[in-house]
Amino acid sequence: MCGIVGYIGNQRASSVLVEGLKRLEYRGYDSAGVCVYQNGELNICKDSGRVMAMAEQIADDVRFTAGTIGIAHTRWATHGEPNQTNAHPHTDAGGRIALVHNGIIENYATLKQFLEGKGHCFRSQTDTEVLVNLVSEFYNDGSNSLEEAVRPALHEVTGTYGIAVMCLDEPEKIVAARKGSPLIVGVGTDEYIVASDASAIIAHTSNVIYLNDNELVVVTRDGMRTLTLDNVPVTKQVEQIEWSLEEIARGGFDHFMLKEIFEQPEVVGNCLRGRLDLRDCRIQLGGLDGVRRELVKTRKVVISACGTAWHAGLVGEYLFEDLARVPTEVEYASEFRYRNPIIEEGTVFLSISQSGETADTLAALREAREKGALSLGIVNAVGSTIARETDGGVYIHAGPEIGVASTKAFTCQLAVEAMMALMLGRRRFMSQNSMNTYMEALSRVPEQIERTLEQSDRIREVVADYVGYDNWLFLGRGYQYPIALEGALKLKEISYIHAEGLPAAEMKHGPIALIHEGMPVVFIAPRCATYEKIVSNIEEVRARRGRVIAVATEGDERITRYCDHVFYVPDTLAPLQPMLTVVPLQLLAYHAAVARNCNVDKPRNLAKSVTVE
Ligand code: AGP
């Protein structure tokens, strides 16, 4: 998720663009760039780092002082680490066309090959540079305008995009288009602002038009026109922005955490995009290509992480052993780094981290590398230290996670682990039929999360009755034991309620002594091989007058007989259930924290990335 802005009007374009980027920085902040047309040139300044750093660079740069048309970008890297070459805007080889892009071009490798065959050269590792060269290919191939080059180029693209494009031959024009990524146009007095969302526009006008998928807009000083990618004119209604800046950044949600919970269908979709090849029944994880040979010889997986990422690792243990039959261990990175661990031949050391900067996880990685392990990473922040120091890995494409309590990164970490385990399992023993069944089920997870989210209001109503209790238990079996731990952590870290997660069968070995009249106990009990066992565990708690909330499979009427409240998730295969069952627990913790007036996005005593030990 990146932020793009385009401006044409009478104001100094670089100021409007920089202001717009600052307001879009919650969408991505690892590099920034601007392109302004002035003195017959497309002047570009771009670099890794925050918008402010780039703004300081151009503040006194005469190339940017007078221009009144330009495009700009703030980045959340997906292809190519954050550095000056990979920053946007990207230009074609001749520097005549400049483009900024928010989204993922899935078939960029194929298009790149085609363009290299046509003599195009590439400087960066990005999918976006491929797109601008494709536009240039059509432009030089006799199209009579920029939009007549952009349209056919976009017909060749699979994936998602929000783009803004400028061209030296038509300097008084911006062409923008969208598919899958948001794009709106602010209609001001003698000026237009194209942007990923209204936060970059609201300071100038509240009149906007919203582009739909497969629509393109051509903006000049004389006006704008919108058309489809098939060149059919589209009449657009100018609408009013009613949200405040804060609300826009939060997408209309009260908190970033709730926004990120509701982003999960989209970001899990992004995480799977271009990796699940259902037609050829194959999983493609480009970041592991370089270690494919060693990977097949894996004899053991050791997963290392902290906090929520450690819980994702626990689910990974079940996935790798169940789907790939590889012995797997999960380590607290903070313990592993000081334990002088034994790393055997054929060990894959898998570090999981949203930020890619967590000190303990990094130190454990360095220790494992020192001892000769093949090191892989599952990371969100592209170009982060852990990503750079591993031999290979997979980015989760969850976009920036602002809320300190990790939510969407967790479900995407589970999606990547499932893909890695399936890929390894298929290479080792899994039949094509099973692989197909799992891949089909995985491809349905985004819409199933969507359906699970529909219970948010009901969860809010139910939790209101429980927020007075200061001690909770979360219980699960098998794949759901790590989800019990994650549910407890979410409640602890944002509502400050003490909660403990446990394997449900452990209760009778001590913790059941805690159960008393009215104590909330949350069971994660979807239909699975141990369903009957967990129903008996529920009855043990009921017998001691505990209050039971359960997460169960849609259609399971029977469980309502044993529980005070039940939240449902759609049915899926047991290894994939954790991506669904965690969602009601995220919402439960969120609504409990709001009901207790806690600072949800910035809970006390916590930092988003723990870079100290
Ligand atoms: C989770 O909500 C917390 N923010 C915390 O436990 C976090 O998961 C942990 O610090 C690991 O962070 P990382 O994924 O960035 O390495």
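# Strand pairing and helix packing: questions and answers

Student: Which residue in E27 stands opposite alanine 550?

Tutor: The model is predicted: local features need pLDDT of at least 70, side-chain atom pairs count only at pLDDT 80 or more, and totals for chains, interfaces and linings use all residues. Residues are numbered from 1 along each chain as its sequence is written, while side-chain values use heavy atoms, with hydrogens and water left out. E26 runs parallel to strand E27 (residues 565-569) and pairs with it over five bridges, where pairing requires that DSSP finds at least two bridges between two strands. In E27, alanine 550 stands opposite valine 566.

Student: What is the bridge partner of phenylalanine 523 in E26?

Tutor: Strand E25 (residues 520-525) also pairs with E26 in the parallel sense, over six bridges. Strands (E, at least two residues) and helices (H or I, at least four) are DSSP runs numbered from the N terminus. Within E26, phenylalanine 523 has as its bridge partner alanine 550.

Student: How many residues of strand E26 are buried?

Tutor: Buried means under 20% relative accessible area, exposed means over 50%, and partly exposed lies in between (1.4 Å probe, protein chains only). By that criterion strand E26 (residues 547-553) is mostly covered, the count of buried residues being seven of seven.

Student: Which hand does the β-α-β unit of E25, H19 and E26 have?

Tutor: The unit is made of E25, helix H19 (residues 531-542) and E26. A crossover counts as right-handed if, with the strands pointing away from the viewer, the path from the first strand over the helix to the second runs clockwise. The unit here is right-handed.

Student: Which strands are the edges of the sheet that contains E24 and E27?

Tutor: Five strands in the order E24-E23-E25-E26-E27 form an open sheet with parallel pairing. E24 is joined by six bridges to strand E23 (residues 471-476), with asparagine 471 having histidine 498 of E24 as its bridge partner. An edge strand pairs on one side only, and here the edges are E24 (498-503) and E27.

Student: At what angle to E27 does helix H17 run?

Tutor: Helix H17 (residues 456-463) lies across E23 and E27. Axes are lines fitted to C-alpha atoms, for helices over the stretch in contact, and angles run from 0 to 180 degrees between N-to-C directions. The angle of H17 to E27 is about 160°.

Student: In what order do the strands of the sheet with E18 and E22 lie?

Tutor: This sheet is open, with five strands in parallel pairing. Strands E18 (residues 300-305) and E20 (residues 347-353) are joined by five bridges, and valine 301 stands opposite valine 348 in E20. Helix H12 (residues 359-370) packs on the sheet, touching E18, E20 and E21 (374-379). The strand order is E19-E18-E20-E21-E22.

Student: How do the residues of the contact of H14 with H20 divide?

Tutor: The axes of helix H14 (residues 408-428) and helix H20 (residues 578-595) come within 10 Å and cross at roughly 170°. Phe410, Thr411, Leu414 and Ala415 in H14 meet Pro578, Met579 and Val582 in H20, contact meaning heavy atoms within 4.5 Å. Ala, Val, Leu, Ile, Met, Phe, Trp, Tyr, Cys and Pro count as nonpolar, Asp, Glu, Lys and Arg as charged, and the others, Gly among them, as polar. The residues of the contact of H14 with H20 divide into six nonpolar, one polar and no charged.

Student: What is the relative accessible area of tyrosine 332?

Tutor: Tyrosine 332 is found in strand E19. Leaving aside neighbours within four places in sequence, tyrosine 332 is in contact with Ala305 and Trp310. Tyrosine 332 is partly exposed, with a relative accessible area of 41%.

Student: Is serine 351 buried or exposed?

Tutor: Serine 351 is found in strand E20. Beyond its neighbours within four places in sequence, serine 351 is in contact with residues including Ser304, Thr361, Leu365 and Ile386. With a relative accessible area of 0%, serine 351 is buried.
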